[in-house]
Structures are given as structure tokens and as C-alpha cells.
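Colleague: I am new to this one and would like to know how its labels were assigned. Could you show it to me?

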Amino acid sequence: MGSKRSAVSSASPAKAVTGWVARQSTRVKAILGVAIGLLTLVGLKLWVRNHNHFFVASEAIHAAGIFVLVYKLTTQKTCSGLSLRSQGLTALFLAVRLFCSVFMEADIHTMLDFASLVSTLWVIYMMWFKLKATYVKELDNMPLYYLLIPSVVLALIVKPYTHYGFMSEFLWAFCSYLEAVSVLPQLRLMQNAKMIEPFTSHYVFALGIARFLACAHWIIRVIETRGAYLYIAGSGYFWFPVAFLAEMVQTFILADFCYYYVKSFMAGQLVMRMPV
């Protein structure tokens, strides 16, 4: 009897909660996800006074996620499970954003983007040359023109209005839209592989947290200004709503993965399985 009681008492409350959530319907899970997201936003709004820190934290977490990949490639000597196409898109939007940032901001965001770009280029170099034998090209099969062409077209139509000229406006819009969809080849590869090793899942989860923080900044600013933040005079009437929508799209793209990541983590699974 004593051993049974100790076994029951030693059961993890977190596992019990995740087990209960797993048994709920999709509708209940969606409601719970929205409720948790809203509570988190309220907590962030009350805790963080300067909401610009959300963007800094977002870029710092993104950089940390890339450093996780650097550690994986250095220690395990394999790039299995990584999408070279996603890394290429990431390097492209980081390079464009860094170029714009040097002329438009030149602050801590520039430094973080530079660190992320250098790390991403190193990851690409390792995947393309040193560890090419471990790269599974067959699974990394999302056509890039599905992502690049719409990003270019949308950037030509909807972009911010600044005193830096057309090219800077176009490039800033392009990198914003491309960032929103750059993770899709990685998610497609993981969906094809069905199983994801720990370091790759840590990296994608870091991207999810980074996007949530960036999206939280937008949502809080929109709420505080009662929607006026979306239509700041002189910034392009459609630019802020479309940029906000791009943030929302990227956040929701990664939200499903983050759910299964947390579920696998709570269950103590080192290798994560993607749903069919």
C-alpha cells in the first residue's frame, strides 16, 4: 500500500495536466490556448514597462536558437533534420534587415541581427560543405518561389513610407514578409520526417517564443492606442495592419508546433513526433 501511495504522490502534476489536455476536443484545446495566450499578454503588459523590450527579447531568443544549431552541428557532426532552405531564407531576410537597420536604426537590434546572420551563415556553410552527407535533401522539398515571389509582390504593393527612399522601404517590407514564412520549409521537412531530434525541436521552439514576444508587442501597442497604432500617419496606411498580420501569421504557424513540443517535453520524450 505504501509503495502504491508513494507512486501516486510522485506522479508529476504537469504530466497529469498535459494528459487531461490531450484528452480534450480540438475546440477545448483552442479555447485553452487562447486563454493562456491572453493571460500571458496581460502578465507581460503589467510586468514589462518598456514594450520595445519585447522586440529585443524576440531577437535575442532567435539568436539563442541559432546558437543551439551551432552547438548541434559542432558536437553531433550531423545536420539531419535541418532545412537548408529555411536557413537560406533566414540568412536572406537577416541580411536585408541588417542592411536597412544600419542606415535606419543602428542600435541593439543591429547588433543582434549581425550576430544572428553570422551564426546562420556558419550553419549554412556547415550544412553545404562539411556535413553535406548528412543533409536529407529529399525531405527538404518546399519550392522557394512559393515564398519569395509573394513576398516581393506584397513588398512592392504594401510598404512603409519613410524619408529613406523607395529601395529602403521595399527592402524593409520584403524582409518582414519573408521572415513570416521563412520557417515553412523547416516545418515541411519535419512533417515529412515525422520525427524530430531534440536540438532541432529546441531551435524551432525558440523561434516560436521569439515570434510570440514580437506579436505581443504589436497586440499590446494596438490595445493601448485603441487601434490607432495600426494607422500611424506617414507610415503607409496599409503598412502597419499588413505587418501586424504577418506577425500573427508567423505566430500561428509556429503555435501548433510549440504545443506538440511542450506535450513531448512534459512526457519526457527526447525525440519529438509530429502528428500525421
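**Rings and cover**

Modeller: Phe166, Phe170 and Phe174 are linked into a cluster by ring pairs. This is a predicted model: local features need pLDDT of at least 70, side-chain atom pairs count only at pLDDT 80 or more, while totals for chains, interfaces and linings use all residues. Residues are numbered from 1 along each chain as its sequence is written, and side-chain values use heavy atoms, without hydrogens and water.

Colleague: How many aromatic pairs are there in the whole structure?

Modeller: The search finds six. Rings of Phe, Tyr and Trp (its six-membered ring) pair if their centres lie within 6.5 Å; planes under 30 degrees apart are stacked, over 60 edge-to-face, the rest tilted.

Colleague: What makes the pair of Tyr145 and Tyr146 edge-to-face?

Modeller: Their planes are at 85°, with 4.8 Å centre to centre.

Colleague: And why is the pair of Phe166 and Phe170 called stacked?

Modeller: Their planes are at 10° and their centres 6.2 Å apart, so the pair is stacked. Both residues lie in helix 8, four residues apart, about one turn of the helix. Helices are DSSP runs (H or I, at least four residues), numbered from the N terminus.

Colleague: Is Phe170 buried or exposed?

Modeller: Phe170 has a relative accessible area of 13%, so it is buried. Buried means under 20%, exposed over 50%, partly exposed in between (1.4 Å probe, protein chains only).

Colleague: Why is Phe166 called partly exposed?

Modeller: Because its relative accessibility is 46%. Tyr145, at 49%, is partly exposed, and so is Val153 at 41%.

Definitions and conventions:
Helix = DSSP H or I, 4+ residues; strand = E, 2+ residues; numbered from the N terminus.
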